[in-house]
Amino acid sequence: MSGYGSVRTVRNAIVEKLTAEGREPSAYNITGIARDAFTARSGGGYGAALEAEVWRTAVDKHRRPYGIGDLVRVMVSTKSGHVELHYGKISQFRKANGGAYRGRPVKPHSVYVELDHHTSGWLGPLTEITPALDDFEILREWAAIHRGATNGDGYYRCLRCGFHSYKGAEVMILHKVSGQRVRLCEERFTDDELGRLGHEVLFYERTSRQTIAELTENPEAITEPASDSHYEKSEGQAYREWADAFPWMVPAKAAELYVTWKEQTAPVAG
């Protein structure tokens, strides 16, 4: 994006770029983005080239509190009594009585959120939704993204660019609670990827409900001795392997006992 000579042209270009990235332009302060991303004080004026990092910073700064198309997290109670965290996009603002607003409300009461992995959408007060970005950390430092890479190239490739692509990852999305992460190139990084990673964590939790219930009822089971058989694992071994893979889901008492068990069974140095 370069060579924009007028404020109107810049505003149109910003709307086009937001739309191309799958964002809803009405959810952003266009004037603020124009001021920060095409600042006349930079010496280049509105005709200056737009740098990717400057654009990203301006867009993140000038998001309105909530807009149509924003990705948010909501709490959903299931028929089995479990509470799940789902991600979805706001599709409509609603009044306190459930009716729809005409035009864009200044202070909407409720929102309707489209959910991909639930039988219906979610309708509730604006105060009960959380911006999806709050659950993630977005990293763009090369060293942080590629730390620990073991392939011959010494860097991680973009997960979505295909097996035969050699394009290096430029962004890493980190789910704060679970530590699950995904590495992407800048072009593949969208809000949809946040939802996808968040729902991966949800699926792990769904399949672990029985294990969580068992360790909540009997936390000492995680310290049971290993099996003498080379072909079978004891329940304790199975629980410990699960705990290593999904540490954020281990019940508190079982986690405490597991830490003690590891300390007591660790090889003695020297």
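**Charged pairs and their setting**

Reply: Happy to. Glu186 and Arg140 form a salt bridge, and their closest N and O atoms are 3.1 Å apart. Glu186 belongs to the loop between strand 8 (181-184) and helix 5, while Arg140 belongs to the loop between strand 6 (136-139) and helix 4 (142-146), so this pair ties together parts that are 46 residues apart in sequence. Please keep in mind that the model is predicted.

Now to Arg63 and Asp70, whose side chains meet in a salt bridge at 3.4 Å, N to O. Here the two partners fall into separate classes: Asp70 has a relative accessible area of 5%, and because buried means under 20%, Asp70 counts as buried. Arg63, at 22%, is partly exposed.

Lys17 and Glu21 give another pair, with their side chains meeting in a salt bridge at 3.8 Å, N to O.

For the whole model, the count comes to 15 salt bridges. In general, side chains of opposite charge can pair when their charged atoms come close.

For the setting, let me start from helix 5, which was named above as one end of the Glu186 loop. Helix 5 (residues 191-207) lies across strand 1 (71-77) and strand 2, and runs at about 145° to strand 2. These strands are part of an open sheet of five strands in the order 4-3-2-1-5, paired antiparallel. Its edges are strand 4 (122-125) and strand 5 (130-131), each of which pairs on one side only. Strand 2 (residues 83-94) runs antiparallel to strand 3 (residues 110-115), and six bridges join the two. One place to look along this pairing is Ile90, whose bridge partner in strand 3 is Val113. As a general point, strands of a sheet pair through backbone hydrogen bonds, either parallel or antiparallel.

Definitions and conventions. Residues numbered from 1 in each chain as written. Predicted model: local features only at pLDDT ≥ 70, side-chain atom pairs only at ≥ 80, totals over all residues. Heavy atoms only, no water. Pairing = 2+ DSSP bridges. Helix = DSSP H or I, 4+ residues; strand = E, 2+ residues; numbered from the N terminus. Contact = heavy atoms within 4.5 Å. Axes fitted to C-alpha atoms, helices over the stretch in contact; angles between N-to-C directions. Salt bridge = Lys/Arg side-chain N within 4 Å of Asp/Glu carboxyl O. Buried < 20%, exposed > 50% of the residue type's maximum accessible area, 1.4 Å probe, protein only.
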